[in-house]
Amino acid sequence: MGIVKINDDLHEEIRKASSVMVRSINAQAEFWIKIGMLAEANPELSFSGIVREQLKLAEVDIRRVAGG
């Protein structure tokens, strides 16, 4: 684990987003970093496509979660 220095404005945006997404500030930053890395590695995928692929890799059954 390390320390990542970010500017105050970005930290504030992460803080606000984390409250909406019900994540800790660190978890929100990690999520954005991971999605950003995956987007750079897979420029043909949309955000939704990236999330869909990650859910598939984690073997999440959306139909089961959604009750159908």
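Helix α2 gives the most to the lining of the largest pocket, with 6 residues. This is a predicted model, where local features need pLDDT of at least 70, side-chain atom pairs count only at pLDDT 80 or more, and totals for chains, interfaces and linings use all residues. Residues are numbered from 1 along each chain as its sequence is written, and side-chain values use heavy atoms, with hydrogens and water left out.

**The largest pocket**
- About 430 Å³ of space lies in this pocket.
- Its lining has 14 residues, and Val4, Asn26, Ala29, Glu30 and Ile33 lie nearest the centre.
- Both α1 and α2 give two or more residues to the lining.
- By class, the lining has 10 nonpolar, 3 polar and 1 charged residues (Ala, Val, Leu, Ile, Met, Phe, Trp, Tyr, Cys and Pro count as nonpolar, Asp, Glu, Lys and Arg as charged, and the others, Gly among them, as polar).

**How the two helices meet**
- Helix α1 covers residues 8-21 and helix α2 residues 25-41; they pack at about 100°, with axes 8 Å apart.
- The two helices are therefore roughly perpendicular (65 to 115 degrees).
- From α1, the contact (heavy atoms within 4.5 Å) uses His11, Glu13, Ile14, Arg15, Ala17, Ser18 and Met21, while α2 brings Ile25, Gln28, Ala29 and Trp32.
- Sorted by class, this contact has 6 nonpolar, 3 polar and 2 charged residues.

**A look at Gly36**
- You can find Gly36 in helix α2.
- Gly36 counts as partly exposed because its relative accessibility is 32% (buried is under 20%, exposed over 50%, partly exposed in between, with a 1.4 Å probe and protein chains only).
- Gly36 and Phe47 are 11 residues apart along the chain, and their C-alpha atoms are separated by 9.3 Å.

Methods: Axes are lines fitted to C-alpha atoms, for helices over the stretch in contact, and angles run from 0 to 180 degrees between N-to-C directions. Helices (H or I, at least four residues) and strands (E, at least two) are DSSP runs, numbered from the N terminus. Angles under 35 degrees count as roughly parallel, over 145 as roughly antiparallel, 65 to 115 as roughly perpendicular and the rest as oblique. On a 1 Å grid over the protein atoms alone, a cavity is a set of points where a 1.4 Å probe fits but cannot get out, and a pocket is an open set with protein on both sides within 12 Å along at least five of seven lines; lining residues have an atom within 4 Å of a point. Grid points are joined across faces, edges and corners, and a volume is the space filled by probe spheres set on the points.
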